[in-house]
Amino acid sequence: MAATGGALKDVRSAEELKAIIGEGVPLVLHFWASWCEASKHMDQVFSQLATDFPLVRFLRVEAEEQPEISEKYSVATVPFFVFFKGGKMVDKLEGADPSGLANKVAKVAESVKPGEPAAPASLGMAAGPTILETVRELSKEHDKSLNVGKLDSGVGDQLKLKLQQLINSHPVMLFMKGTPESPQCGFSQKVVDILRNEKVKFGSFDIFTDNSVREGLKVFSNWPTFPQLYCKGELLGGCDIAVAMHESGELREVFRDYGVEIADSNEKVTTNTDTGKGGVFVSSGLSAALSDRLSGLINSAPVILFMKGKPDEPRCGYSRKVVGILREENIKFESFDILTDDEVRQGLKVYSNWSSYPQLYIKGELIGGSDIVLEMQKSGELKKILLEKGIIHSEETTLEDRLKRLITSHPIMLFMKGNPDAPRCGFSSKVVNVLKSAGLEFGSFDILSDEEVRQGLKKFSNWPTYPQLYYKGELVGGCDIVLELSNSGELLSTLSA
C-alpha cells in the first residue's frame with residue numbers, strides 16, 4: 001500500500017521503496033537502528049515533522065535489516081536521512097541534527113524560498129518552540145536531558161571529569177577537527193566563521209589530538225558528530241544548528257542570555273586553542289632562541305620523529321612502534337634523539353603542549369604520539385594526510401597492497417563498523433563480544449572511516465557484507481560463521497591453527 005503524507009511508514013523491501021519513490025511526491029527516508037539512542041530521539045522529531053508537513057511522505061528504514069537499501073544510499077552511520085523530490089534524490093543528512101533535518105524537510109516541501117533557512121518558529125511545532133527545545137523536551141521524557149552535565153552516559157568517572165572540565169573551560173567552547181587557524185573540515189570552518197562573525201571569544205579543542213576525548217564526547221553528549229558547540233556547559237549542537245541559529249539571530253540571543261562577552265566592533269576576536277591532551281593553552285614562556293630552534297628542528301624535514309634513541313636502536317617500545325609504522329608505510333623520515341639534548345626534550349613538551357614522546361610531525365604540524373599514529377594507520381587517516389601534504393603519491397601504493405597489509409597487520413583481524421569499544425552495528429558488536437569472551441587478542445579496522453577500504457575489501461575478499469574476520473591473512477567469514485564456530489566450540493581451534 002502506498003505511503004500517505006502526514007504518517008510514518010516502515011519500508012520492508014527495496015521494491016516497495018522504488019515504487020513509492022516513483023510516484024514523484026516529496027519524500028524523506030530515515031535510516032535508523034534500534035541500538036542507537038540518537039536514532040530514537042531523531043525519530044520523535046521525524047514523527048513531529050510528519051504531522052507538520054502532511055504533503056511530504058516520511059518513510060523509515062531499519063538500516064541493518066535492509067542492507068540492500070542501506071548500501072544503495074551509502075549509509076555509513078545512523079541516524080541518516082535521504083530527501084527526494086520528483087522521483088530523484090536531492091539531498092542527504094548524516095547525524096542527529098534536528099534543525100538541519102527540519103530545514104531540509106521544509107525545502108523539499110517548498111515552504112521556504114531557496115537559500116533561506118527555515119527559522120525554527122516557522123515550522124509549526126506545538127506551541128511554537130524551537131526544534132532544539134522540542135528535542136530537549138522529548139529527551140526529558142526519557143530522563144535523558146541534553147544538558148551534558150546531567151547525562152548518565154556510561155563514560156568512566158575519570159574521563160567524564162576531564163570532559164566536564166574541557167566543556168566548562170570557556171563560556172563558549174568548540175570541539176572541532178583542527179584549530180580555528182587551520183580547520184581540518186568544512187563544517188568546523190563554518191562554525192569558526194560564525195563565532196568570529198558573532199564577535200564572541202571562544203575556546204577550542206582539536207579532537208584529532210586526543211582520541212579518548214573524541215570518542216568519549218560522542219557518548220557523553222549523546223551527539224555522534226563533530227564539530228560540537230557548547231555555551232556555558234550546555235550543548236547547542238553541530239554545524240547545521242549553529243548555521244540556522246546564526247542566520248535566525250537565535251545564536252546571538254543565546255549568547256546574550258548567558259552573559260557571554262561580545263567583542264567591541266573594533267576588537268579582534270581571540271581564541272584559546274587546546275592543542276594538547278587536556279590542558280588549556282597558555283603562553284609557553286620559552287625564550288625566543290629556543291622557540292626558533294625548536295621550530296627549525298620541526299621543519300627540518302617533511303616527516304620528523306622526535307623519539308628516544310635512533311630508528312635502528314629505539315630506546316623505548318613506543319618509539320619502536322612508530323618507527324615500525326613509518327617503515328611499514330614506506331615513509332621516508334628523519335629523527336631526533338631527545339635523550340641527547342635535554343633542552344630540546346623539555347622545551348618541545350611546552351612548545352607543542354604534548355607531554356610525552358615520541359612525537360611525530362608532518363610538514364611542521366604535530367600528528368601525535370604512538371597511540372594516535374597507530375590508530376591513524378589502521379583507519380587510513382595517516383595515508384590521507386601524507387597524500388594531502390604531498391609526502392607520498394597515490395600511485396606509490398596500490399589498493400590491493402594496502403588491503404593485504406591491513407589484513408595481515410594482526411594474526412586475528414576484524415574489519416567492522418566502529419571500533420571494539422564502540423561498535424556501530426549489532427553484527428559487529430556480536431563478533432567483538434564473541435572474541436572478547438574467548439579471551440582472544442585481535443586487531444580491528446573501522447570500515448566507516450575509509451570508503452576506499454570499505455568498498456575495496458568486498459571485491460578483494462569476494463564477501464559483500466561486514467563485519468569480516470581474518471586469521472593469518474585468510475578470511476574466516478562474517479557474523480553468522482563466527483557465531484556458528486563459537487557455538488560449536490571450534491572457534492579457538494580455527495583461530496589458533
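In what order do the 4 strands of the open sheet lie? The order is 16-13-17-18, and the pairing is mixed. This description, like everything below, refers to a predicted model. Strand 16 (334–337) and strand 18 (365–368) are the edge strands; each has a single partner strand, so one side of each lacks a neighbour in the sheet. On average, and ignoring direction, neighbouring strands of this sheet are turned by 25 degrees against each other.

Within the sheet, strand 13 (residues 303–307) and strand 17 (residues 359–362) run antiparallel and are joined by 4 bridges. Isoleucine 304 has tyrosine 361 of strand 17 as its bridge partner.

Helix 13 (residues 342–352) lies across strand 13, strand 16, strand 17 and strand 18, and runs at about 60 degrees to strand 17. Helix 14 (residues 370–379) also packs on the sheet, where it touches strand 17 and strand 18. The direction of helix 14 makes about 85 degrees with that of strand 18.

Helix 14 has a helical neighbour as well. Helix 12 (residues 317–328) packs with helix 14 at an angle of about 25 degrees, their axes being 9 Å apart. Helix 12 is therefore roughly parallel to helix 14, and the crossing of the two is left-handed. On the side of helix 12, the contact is made by Tyr318, Lys321, Val322, Ile325 and Glu328; helix 14 contributes Ser370, Asp371, Val373, Leu374 and Gln377. By class, this contact has 5 nonpolar, 2 polar and 3 charged residues.

Which residues of helix 14 are buried? They are Ser370, Ile372, Val373, Met376, Gln377 and Ser379. These buried residues pack against helix 12, strand 17 and strand 18, and also against helix 15 (381–388), helix 16 (399–407) and strand 22 (443–446). After helix 14 comes glycine 380, with a positive phi near 90 degrees.

The last stop is the loop between strand 15 (313–314) and helix 12, where cysteine 316 is found. Is cysteine 316 buried or exposed? Its relative accessibility is 15%, so cysteine 316 counts as buried, the cut-off being under 20%. Cysteine 316 and tyrosine 357 are 41 residues apart along the chain, and their C-alpha atoms are separated by 9.3 Å.

Technical notes:
Residues numbered from 1 in each chain as written. Predicted model: local features only at pLDDT ≥ 70, side-chain atom pairs only at ≥ 80, totals over all residues. Heavy atoms only, no water. Pairing = 2+ DSSP bridges. Axes fitted to C-alpha atoms, helices over the stretch in contact; angles between N-to-C directions. Contact = heavy atoms within 4.5 Å. Parallel < 35°, antiparallel > 145°, perpendicular 65-115°, else oblique. Left-handed = near helix turned anticlockwise from the far one by under 90°. Nonpolar A, V, L, I, M, F, W, Y, C, P; charged D, E, K, R; others polar. Buried < 20%, exposed > 50% of the residue type's maximum accessible area, 1.4 Å probe, protein only.
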